[in-house]
Amino acid sequence: MYLSRLRRFFRTMSFARVVCFGFLSAILLGSFFLYGNEAGNLSYVDSVYLSASAICVTGLSPIPISSLSYSTHWILLVLIQIGGLGIISFTVIIGFLISKGISRNTKFNAFVVAAIDKDDPKTDSMSTGEVNRILISVVNISFIVELLGAIGLFLHMPEAVEGDNPRWFFSLFTSVSAFNNAGFSIVDDLSGLRAEPFCLYIVSALVILGGIGFPVIILLEKILLTVIFRIVDRIEVVTETLMMRKSLKTGKIPKLLFVPTVLSAFLEGRIEDYNDHIRGESTRIQSKLLVYGSLLLILFGTLGVYFLEAGNPHTLSPMDVSERFANAFFISVCSRTAGFATLDFGNLTDASIIIITTLMFIGGGPQGTAGGIKITTFTLLLAYLKNVIQPSKPVMLFGEVISKNSVAVAIRVYFLATLVFAGAFIVLGVLDGNQHSLHVIFFELVSAFSTVGFSLNLTSQLADVEKILYVFLMFVGRVGIFTVLIAATGHSGVPKMGASDDGVKIQVG
């Protein structure tokens, strides 16, 4: 009886409220597990903070992660994976659990359509099979990439860097934390990999893939499968031609050529069928925007940190050129979302801190594991500013007219984010009571809201009230300020701008 009432209650909730409720429930449930498992060694406020940081894939921690038990590390790993699967997967899962089958709640199917920007009037409502395939694609990508990353780290990381932990578990935890952009490490930081450029590049690759967004990864997967299909098709044509020539000369079918011909034909059919059933890819213009934007931001951060810290004896100066570049690259990549550290950020120059704060604010791609206002939001704002100078022209990217609705959402997301920053900065400044510099508070604020996890050693000194506020900031940053506003007001979303809006739809926020 109560269960049926609960289901009816959830079915009447808006998409935004389901997402918010789902993440809040996961945070609270995770806090109970963490608190109970540590048996009094962790206060409940710290448990909530740590659970929120894991679910929101932030990486901030009020206590050293290395001081927690092995079983607590496993709980954190699960929480990171749940939070990192993203709003799409998490919402579909919630809908499935509520309705005992996605097909009974087509609203969730429609939500997935909107979330992945499948802007096609013929597919306003996706079938249950398509929704399931999107979920399967996301889960498959996550697990395969994380497994490959764990294997790479296990084979190449130096001895004893894992501390007292099993080597395989340290590799797995680091890989999952990196791909989900969580920034947690069971040895507190990755300073043990500081002199291992190859391992830093593995972790950086995991962070980039997780932060660029699942729709882009799915599109890249489809492109890769298309390339492989063409190669296999060419092999089939060549082997068939050779086999026919040999048969005409000898009158017999050459067995050595028969096997690769049949195998290539089989693979060709399987690849084509699999590629046709993959769903959830982004548009090519959004993929170009995210790929080029990520590369430019990584380059900007790498060069900035490299040259600013090259003469700093407390950071990059003692390293050789290859290690110096690898660490600068690693900091640049992690600044936009992950929060792994190989250096003590308290030793960085002020100019480097400003660059890192800027990268944290921008973040990564939508529908990935990254935080921030997102690259798409930032780029649309720049394009809109250019449009202000030339008001007679529409907002354009890569020669394409951009949807007015996308531009409107980008402006609102940026405006709401700045309001949250301003309000939280004032409150945190008052609560701090002049104990710390304002730039330290602001850095921690941006890190929490952008779900990055970098810290200037402030987190461990926070009072309980401040920790709760930071939990709220991490939650808003992960779910999205726009989603939280819609959930709070009950509004259905952003109305279409004008009678027609035929531009390319770009997902923001």
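Predicted model: local features only at pLDDT ≥ 70, side-chain atom pairs only at ≥ 80, totals over all residues.
Trainee: On to helix pairs: are α12 and α13 parallel, perpendicular or oblique to each other?
Mentor: You need the angle and the axis distance, since two packed helices are described by those. For helix α12 (residues 284–309) and α13, the axes are 8 Å apart and the angle is about 130 degrees. Roughly perpendicular stops at 115 and roughly antiparallel starts over 145, so this pair is oblique.

Trainee: And how do the residues in the contact of α12 with α13 divide by type?
Mentor: From α12 you get residues including Leu 297, Ile 298 and Tyr 306, and they meet α13 residues, among them Phe 325, Phe 329 and Arg 324. α12 passes α13 in a right-handed crossing. By type, the contact splits into 10 nonpolar, 3 polar and 1 charged.

Trainee: What is the handedness of the crossing of α16 and α17?
Mentor: Helix α16 (residues 404–432) and helix α17 (residues 438–449) have axes that come within 10 Å and cross at roughly 135 degrees. The two are therefore oblique to each other. As for the sense of the crossing, it is right-handed.

Trainee: How do the residues of the contact of α16 with α17 divide?
Mentor: On the α16 side you'll find Val 420, Phe 421, Phe 425 and Leu 428, among others, meeting α17 residues such as Ile 441, Phe 442 and Leu 445. Gly 429 and Asp 432 belong to the α16 side too. The total comes out as 12 nonpolar, 1 polar and 1 charged.

Trainee: Is Glu 466 buried or exposed?
Mentor: Glu 466 is found in helix α18 (residues 464–479). Leaving out residues up to four places away in sequence, Glu 466 touches Leu 428, Leu 431 and Asp 432. Leu 428 is 38 residues away in sequence, yet the C-alpha atoms are 6.9 Å apart. The relative accessibility of Glu 466 is 9%, so it counts as buried.

Trainee: Which residue's side chain makes a polar contact with the side chain of Thr 342?
Mentor: Thr 342 sits in the loop between α13 (321–335) and α14 (350–362). Its relative accessible area is 2%, so Thr 342 is buried. Beyond its neighbours within four places in sequence, Thr 342 is in contact with Leu 190, Ser 191, Arg 194, Leu 200, Asn 327 and Phe 330. The polar partner, at 2.8 Å, is Asn 327.

Trainee: Now the backbone: what is phi of Ala 160?
Mentor: Most residues other than glycine have a negative phi. Ala 160 lies in the loop between α7 (128–156) and α8 (167–179), and at 60% relative accessibility it counts as exposed. Its phi is positive, near 70 degrees.

Trainee: Is Lys 374 buried or exposed?
Mentor: Lys 374 is in the loop between α14 and α15 (375–389). Its phi is also a positive value, near 90 degrees. The relative accessible area of Lys 374 is 7%, so the label is buried.

How values were computed
Residues numbered from 1 in each chain as written. Heavy atoms only, no water. Helix = DSSP H or I, 4+ residues; strand = E, 2+ residues; numbered from the N terminus. Buried < 20%, exposed > 50% of the residue type's maximum accessible area, 1.4 Å probe, protein only. Polar contact = N/O pair within 3.5 Å; in protein donor to acceptor, adjacent residues only side chain to side chain. Contact = heavy atoms within 4.5 Å. Axes fitted to C-alpha atoms, helices over the stretch in contact; angles between N-to-C directions. Parallel < 35°, antiparallel > 145°, perpendicular 65-115°, else oblique. Left-handed = near helix turned anticlockwise from the far one by under 90°. Nonpolar A, V, L, I, M, F, W, Y, C, P; charged D, E, K, R; others polar.
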